[in-house]
Amino acid sequence: EVVLTGINLSAWWLTDTNQVWKSRFAELLEYILKKTSIPRIRISSMWPEFIDDKCLELFKNTRIYPHFHYSVQSWSSDILKSMHRHYDGKYMRDLLKKTLNIKREDWVKVSIWADLIVWFPKESEEDFIDTYNLVKDWLIMKVHAFPFSNHTLWEHVPASFFPHQIDEKIKKQRLDKLLNLSEEIRN
């Protein structure tokens with residue numbers, strides 16, 4: 001098994017991650033499949049905006065492990081916009097549907113994991129419930145959930161200066177609720 005990993009893995013070949021349409025990630029996967037005999041290829045965390053139909057078609061190959069770890073951050077379109085992400089909640093719903101509908105020759109069902117930054121400044125209860133329900137409705141098998149952090153030891157992220165920071169008590173309650181849901185789904 002070979003594991004492809006990297007912080008911006010699905011943005012392969014880009015010098016600017018704002019140019020989503022220029023990603024050559026699908027070409028990288030295609031090259032690996034054609035030029036190697038690696039029996040199993042696992043792909044680590046992927047940014048969802050770089051996963052296109054060509055990638056999804058390649059994921060049907062039984063040499064690619066049927067595990068999708070999307071670095072989603074949130075399923076609330078408002079929060080994603082605040083984070084300056086290149087996708088919204090509708091895009092993620094469409095991507096999840098396409099991912100779960102991948103028909104592999106080995107009939108192995110795909111599993112989806114998600115990285116979530118919850119409690120981003122201004123995240124309302126509605127925004128949180130949107131993320132919670134998507135984890136529940138789409139049966140996300142594993143959630144890596146992280147409370148928003150200002151990174152105050154070295155540098156501040158721009159959102160640390162946003163108004164409406166979320167109280168630590170609420171962060172803990174929401175984190176526990178989301179992680180308990182994830183554990184129920186896995187079981």
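**Exercise 1. Find where tryptophan 107 lies, decide whether tryptophan 107 is buried or exposed, and look at its phi.**

Step 1: Tryptophan 107 sits in the loop between α4 (89-100) and β4 (111-118). Helices here are DSSP runs of H or I with at least four residues, strands are runs of E with at least two, and both are numbered from the N terminus. A word on the source: this is a predicted model, in which local features need pLDDT of at least 70, side-chain atom pairs count only at pLDDT 80 or more, and totals for chains, interfaces and linings use all residues. Residues are numbered from 1 along each chain as its sequence is written, and side-chain values use heavy atoms, with hydrogens and water left out.

Step 2: Its relative accessibility is 74%, so tryptophan 107 counts as exposed. The cut-offs are under 20% relative accessible area for buried, over 50% for exposed and partly exposed in between, with a 1.4 Å probe and protein chains only.

Step 3: Phi of tryptophan 107 is positive, near 60 degrees, in a residue other than glycine. Most residues other than glycine have a negative phi.

**Exercise 2. Describe the setting of glutamine 73: its element, its burial, its phi and its contacts.**

Step 1: Glutamine 73 belongs to strand β3 (residues 67-73).

Step 2: With 7% relative accessibility, glutamine 73 counts as buried.

Step 3: Although glutamine 73 is not a glycine, its phi is positive, at about 80 degrees.

Step 4: Setting aside neighbours within four places in sequence, glutamine 73 is in contact (heavy atoms within 4.5 Å) with Met83, Arg85, Tyr87, Asp115, Leu116 and Ile117.

Step 5: Threonine 131 is 58 residues from glutamine 73 in sequence, and 9.2 Å away in space, C-alpha to C-alpha.

**Exercise 3. Work out which residues of helix α1 are buried, and what they pack against.**

Step 1: In α1 (residues 25-35), the buried residues are Phe25, Ala26, Leu28, Leu29, Ile32 and Leu33.

Step 2: These residues cover an arc of only 160 degrees around the axis, so they lie on the same side of α1. The arc is that of the directions from the helix axis to the C-beta atoms. An α-helix has 3.6 residues a turn, so residues three or four places apart point the same way.

Step 3: Tyr31, Lys34 and Lys35 are exposed on the other side of α1.

Step 4: The buried residues of α1 pack against β1 (2-4), β2 (41-43) and α2 (53-58).

**Exercise 4. Zoom out to the protein: list its elements, then its burial and contacts.**

Step 1: There are 6 helices and 5 strands in the protein, and along the sequence they follow the pattern β-α-β-α-β-α-α-β-α-β-α.

Step 2: Of the 187 residues, 44% are buried.

Step 3: Take the contacts between residues at least 6 apart in sequence: 74% of them join residues at least 24 apart.
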